[in-house]
Amino acid sequence: MLGLVFQVGPDKVAVDVRRVREVVPRVQLSAVHGAPAWIAGVFVYRGRVVPVVDLHALAGVGECPPHLSSRIILFPYPLDIPEALVGLLATQVAEIREIRPGVAQPIPGPPGRPSLGPALADGQGILRLLDPDWLLAQVAAGSGGLIEAGFEP
């Protein structure tokens with residue numbers, strides 16, 4: 001599989017590029033009153049309001065640093081609404097590489113937080129394999145309605 005590799009706190013994380021709609025620069029986000037701390041905010045993308053999840057905050061490792069390599073990775077979600085998008089904010093989003101299948105070891109997330117996925121030894125260290133559909137399904141209920149079905153501006 002080709003994986004988009006990025007950093008979340010101390011973890012290198014990869015996601016299957018076939019699931020990524022687009023990667024966009026980190027932009028100024030509008031805050032959402034009453035949203036959980038891991039919702040970084042929302043922004044308008046091609047006429048739609050897109051909620052953005054800060055993966056660092058979600059993983060309990062602070063906020064995503066404002067590096068030039070920080071990006072918003074856009075995913076279609078939920079899958080039954082093709083125009084609905086959710087962004088995941090991460091840093092060091094700069095590499096696409098071949099990820100060879102292997103034995104992945106499940107690693108739970110911190111208490112009360114979802115896991116970033118199982119760990120795989122990939123020759124360059126440990127790589128977490130993130131399933132965006134699974135992750136977004138885990139956090140949708142706590143998103144205050146921002147993630148379940150998307151919404152029109």
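How many helices and strands does the protein chain have? The chain has two helices and nine strands, where helices (H or I, at least four residues) and strands (E, at least two) are DSSP runs numbered from the N terminus. The structure is a predicted model, in which local features need pLDDT of at least 70 and side-chain atom pairs count only at pLDDT 80 or more, whereas totals for chains, interfaces and linings use all residues. Residues are numbered from 1 along each chain as its sequence is written, and side-chain values use heavy atoms, with hydrogens and water left out.

Read from the N terminus, the elements follow the order β-β-β-β-β-α-β-β-β-β-α. The UniProt record, an unreviewed entry, places the feature "domain: CheW-like" at residues 1-141; such positions are given in the numbering used here, feature names are shortened, and annotations may be inferred rather than shown by experiment. This span is 10% helix and 41% strand, and its end C-alpha atoms lie 30 Å apart.

The overall dimensions were examined next. The C-alpha atoms of the protein chain fill a box of roughly 45 × 30 × 30 Å along the principal axes. The radius of gyration is 15 Å, which agrees with the value near 15 Å for a compact globule of 153 residues; the radius is taken over C-alpha atoms, and the globule rule is 2.2 Å times the number of residues to the power 0.38. Of the 153 residues, 46% are buried (buried means under 20% relative accessible area, exposed over 50%, and partly exposed in between, with a 1.4 Å probe and protein chains only). Among contacts with a separation of 6 or more, 58% join residues 24 or more positions apart, a contact being heavy atoms within 4.5 Å.

Particular residues illustrate the local geometry. His56 belongs to helix H1 (residues 55-59) and counts as buried because its relative accessibility is 3%. Beyond residues up to four places away in sequence, His56 touches several residues, including Gln7, Val8 and Gly9, Cys64 and Pro65, and Leu89, Ala90 and Thr91.

Strand S7 contains both Gln92 and Arg97. Arg97 is buried, since its relative accessibility is 11%. Although Arg97 and Gly3 are 94 residues apart along the chain, their C-alpha atoms are separated by 5.5 Å. Apart from neighbours within four places in sequence, Arg97 is in contact with Met1, Leu2, Gly3, Val5, Asp122, Gln124 and Leu127.

The backbone was also considered. Most residues other than glycine have a negative phi, and most peptide bonds are trans. Gln92, which is not a glycine, has a positive phi of about 55°, and this residue is partly exposed, at 38% relative accessibility. Arg46 likewise has a positive phi, near 50°. The position of Arg46 is in the loop between strand S4 (39-45) and strand S5 (48-54), and the residue counts as exposed because its relative accessible area is 69%. A cis peptide bond, with omega of about -5°, joins Tyr77 and Pro78; Pro78 is in the loop between strand S6 (71-76) and strand S7 (85-98).
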